[in-house]
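Please look over the sequence and the model shown here before reading on.

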Amino acid sequence: MTHSDPVNFLQGKRILLGVTGSIAAYKAVSLLRALKARGAFVSVVMTAHATEFVTPLTFEVLSGERVVTDLFQMHEEMKHLSASENADAMVIAPATANFVAKAALGLADDLLSTMLLAAQCPIIVAPAMDGGMWEHPTVVEHVNRLRARGVVVLDPEEGPLASGRVAQGRLVCEEKILEAVQSALRLRSDWQGEHVLVSAGPTQEAIDPVRFISNRSSGKMGYAVAEAARDRGARVVLVTGPTALARPCGVEVVSVTSAQEMAEAMCRHLEWATVVIMAAAVADFCPKDPASQKLKKSGRSSLVLELEPAPDILTILSARKTKQILVGFAAETEHLLEHAHRKLTDKGLDAIVANDVTQHGGGFGSDQNAAVILTRDGRRREVPLMPKRRLADEILTEIKSLRAGGRTSTAMAREEDNGRAR
Ligand code: C5P
């Protein structure tokens, strides 16, 4: 390999190749060979319909392994379930509309769909479908669901289909599938060795035992960041305010309610962390003296609550941090960049992710978001509206390049101090 050769992330990796019942199934034979030629160990699983197009024997000879298709070959099933748990990547090519639907809904009525649910690795889906199915609203919805979950779904190509009709539906070319697998494997390991402390969700500040002040944060952005960091090899602690979201697996979750509790949990884990990402929408003010009993309305014509500032967690962390990269979020309704810049400086951050929560299609509760990422070294990166899970990856990539530059805010402050001293 020369210096200019791209790194081959497939070397020695375990790839599960799922083949479903599309006429394009024969192209998976060539894909299998290409994956093997790059040093990957490939196991093939076929759906029953796929075996109508290509015989399992073809894949068996080329992969050197038995190809399993039947969920009820119990022994083989157990072996294969652990294979999907241990795989480095799972590639479904071609994926039919039926398979995409099952994957989106989590159905598990055959071996391949069951294995997909057991997979802990990046999943790449390359759909192939005839008859304009790719544009059908249900297919669009299923594809969006999968993408929001972090599954890489490759757009099929436009061209003549098996039916003779010309439309978008042809299996994407082999090079693009290989590229997507390489890129998923690269991403999977680029955060290895990092300890990421993420906060997410709103906080609730008690007024009395049954009432509280809170905000509209769903926690989706912070959870997406935690999951993306986990998928890229980091160890992750997620400190979360109350949300309706499922706990992500493979991440240590610390549940808190108030800003004070969140501040304590974040400070407890600060020393362990190498990167801290404050995606939580923490209260700025909380009731000064929460009532110990439920407040009664009888006899009152009005009620005045006295509020006091909640702890500013980022400012506290910034004062205590040593080596950590500190990243904040700025959810704004106006003057986005100006406010974000001010927070970046005032809170002593290495980067800030600014988003306009009033914009259509993004912000609180939505599965999508757009953002501008500003870094302490003066970089500015605009990320268009996309699923929060993908945005999370963009944010991590940006933070990673900050790390590569080796200049955290502490280092820069030191440089500035040295500059002043000279
Ligand atoms: O100043 P503002 O609250 O808008 O800044 C937002 C950023 O500061 C977010 O990253 C948020 O998590 C963090 N924050 C904090 N403590 C607070 C309020 C916000 O750490 N009390």
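The structure is a predicted model, in which local features need pLDDT of at least 70 and side-chain atom pairs count only at pLDDT 80 or more, while totals for chains, interfaces and linings use all residues. Residues are numbered from 1 along each chain as its sequence is written, and side-chain values use heavy atoms, with hydrogens and water left out.

**Charged pairs**

Side chains of opposite charge can pair when their charged atoms come close.

K102 counts as buried because its relative accessibility is 9%, whereas D109, at 55%, counts as exposed. Helices (H or I, at least four residues) and strands (E, at least two) are DSSP runs numbered from the N terminus. E194 lies in the loop between α8 and β8 (195–200), and K400 lies in helix α13 (residues 388–405), so this pair ties together parts that are 206 residues apart in sequence. Of these two partners, E194 is buried at 8% relative accessibility, and K400 is partly exposed at 22%. R342 and E338, by contrast, both belong to helix α12 (residues 336–346), where they are 4 residues apart, about one turn of the helix. R342 is partly exposed at 44% relative accessibility, and E338 is partly exposed at 47%.

**The chain as a whole**

The protein chain has 14 helices and 19 strands, and its C-alpha trace spans about 75 × 65 × 45 Å along the principal axes. Of its 422 residues, 50% are buried. Contact means heavy atoms within 4.5 Å. Among contacts between residues at least 6 apart in sequence, 66% join residues at least 24 apart.

**The interior**

A nonpolar core is a set of buried Ala, Val, Leu, Ile, Met, Phe, Trp, Tyr and Cys residues joined through side-chain atoms within 4.5 Å. The largest such core has 35 residues, and those with the most contacts inside it are I15, V19, V44, F59, I177 and V181. Two or more residues are given to this core by each of β1 (14–19), α1 (27–37), β2 (41–46), β3 (89–95), β4 (123–127) and α8 (174–189). Apart from it lies another core, of 34 residues, which includes V196, A226, A371 and L391.

Which residues does V44 contact, leaving aside its neighbours within four places in sequence? They are L17, V19, L32, F59, S63, R66, V67 and V68.

In α1 the buried residues are A28, V29, L31, L32, A34 and L35, and they pack against β1, β2, α3 (56–63), β3 and α8. The helix is followed by G39, whose phi is positive, near 90°.

In helix α11 (residues 313–320) the buried residues are I313, L314 and L317. They cover an arc of only 95° around the axis, taken from the directions from the helix axis to the C-beta atoms, which puts them on the same side of α11. These buried residues pack against α10 (259–270), β13 (275–278) and β16 (325–332).

**Single residues**

T96 is placed in the loop between β3 and α5 (97–105), and at 13% relative accessibility T96 counts as buried. Not counting residues up to four places away in sequence, T96 touches T20, G21, S22, A128 and M129.

F9 is found in the segment before β1 and is partly exposed, at 23% relative accessibility. With residues up to four places away in sequence again left out, F9 touches Q182, L185 and R186.

Technical notes: Buried < 20%, exposed > 50% of the residue type's maximum accessible area, 1.4 Å probe, protein only.
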